[in-house]
Amino acid sequence: MELRQSGISDTEVLSALERIPREEFVLSNFGDQAYENTALPIEQGQTISQPYVVAFMTQALELGPRMRVLEIGTGSGYQAAILSKLCRRVYTIERYRSLLGQAEERFRGLGLHNVVTKLGDGHLGWPEQAPFERIIVTAAAAEIPEALIDQLADGGIMVIPVGASGRNQDVIRIRRGAEGISREELLPVRFVPLVEGIAGTN
Ligand code: SAH
């Protein structure tokens, strides 16, 4: 109800948020806050985004049921789980092995069989599976990674928070159209940074 009142009008997106239990994606001691509209900590100093921001970015992707979607920054797996209800297949990349393992367990537990995962540096995208009709990045990039633009299909949309860490960041929507690449600023946000390389031992 609160999300609808704050401008999330896509009923498919609202229904996906209703169907994915957020409490399964947060640390157990934060379970009682799982349905508050706030970001919460997950392992490795990372965060699960505020439900409003998840809903907003998902709506901004203009998803269709036959699309293949690349997500950078699996984290808890919550955003990927929402996407899995709205598209054909989700390809999600995370740089921490431990986070990826836990997210995979959640996908299995919830019977979400159209999510595939990869340990890696999201800056590089997933060239073997490109092009993607949609790309969503859930960590803030100082600049839009070139490889991700290259892996965006014709007519494709990418939604990505851009800005230095701890500074003003904005969710940007990129469209690859007949006249080239267009860019819109959609929403001021605060995300953890997109970091180069995979994480050491974790
Ligand atoms: N989508 C997540 C949000 C996680 S926060 C969710 O719904 O819970 C951002 C995540 O991006 C963190 O898990 C962080 O480890 C990851 N990340 C940061 N830089 C990355 C990179 N270069 N490649 C892949 N993942 C990255």
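Reader: Which polar backbone atom is 3.0 Å from an oxygen atom of the ligand?

Author: That one belongs to Gln79. Keep in mind that this is a predicted model.

Reader: Thanks! And how much of the ligand does the protein bury?

Author: The protein buries 99% of the 580 Å² that the ligand exposes when taken alone.

Reader: Where does the ligand sit, then?

Author: In the largest pocket. Strand S2 (47-48), helix H4 (78-84) and strand S4 (89-94) are the elements that each give two or more residues to the shell around the ligand.

Reader: Which residues come nearest to the ligand?

Author: There are 26 residues around the ligand, and Gly73, Ser76, Glu94, Gly122 and Val195 come nearest. For Ser76, an N or O atom of the side chain is 2.6 Å from a ligand oxygen. For Gly73, a polar backbone atom is 2.9 Å from a ligand nitrogen.

Reader: Nice. Switching topic: how many salt bridges are there in the whole structure?

Author: A search finds 5. In one of them, the side chains of Lys118 and Glu128 meet at 4.0 Å, N to O.

Reader: What does that pair tie together?

Author: Lys118 lies in strand S5 (residues 115-119), while Glu128 is in the loop between S5 and strand S6 (132-137), so the pair ties together parts that are 10 residues apart in sequence.

Reader: And the backbone? Which peptide bond is cis?

Author: The bond from Ala130 to Pro131, with omega near 0°. Pro131 is in the loop between S5 and S6. As background, most peptide bonds are trans.

Reader: Which residue has a positive phi although it is not a glycine?

Author: Gln44, with a phi of about 60°. You can find Gln44 in the loop between strand S1 (40-41) and S2. In general, most residues other than glycine have a negative phi.

Reader: Great, thanks for the tour!

Definitions and conventions:
Residues numbered from 1 in each chain as written. Predicted model: local features only at pLDDT ≥ 70, side-chain atom pairs only at ≥ 80, totals over all residues. Heavy atoms only, no water. Near = heavy atom within 4 Å. Polar contact = N/O pair within 3.5 Å; in protein donor to acceptor, adjacent residues only side chain to side chain. Areas by Shrake-Rupley, 256 points an atom, 1.4 Å probe, with all protein chains shown as cover. 1 Å grid on protein atoms, 1.4 Å probe; cavity = no way out; pocket = protein on both sides within 12 Å on 5 of 7 lines; lining within 4 Å. Sits in = over half its atoms within 2 Å of the grid points. Helix = DSSP H or I, 4+ residues; strand = E, 2+ residues; numbered from the N terminus.
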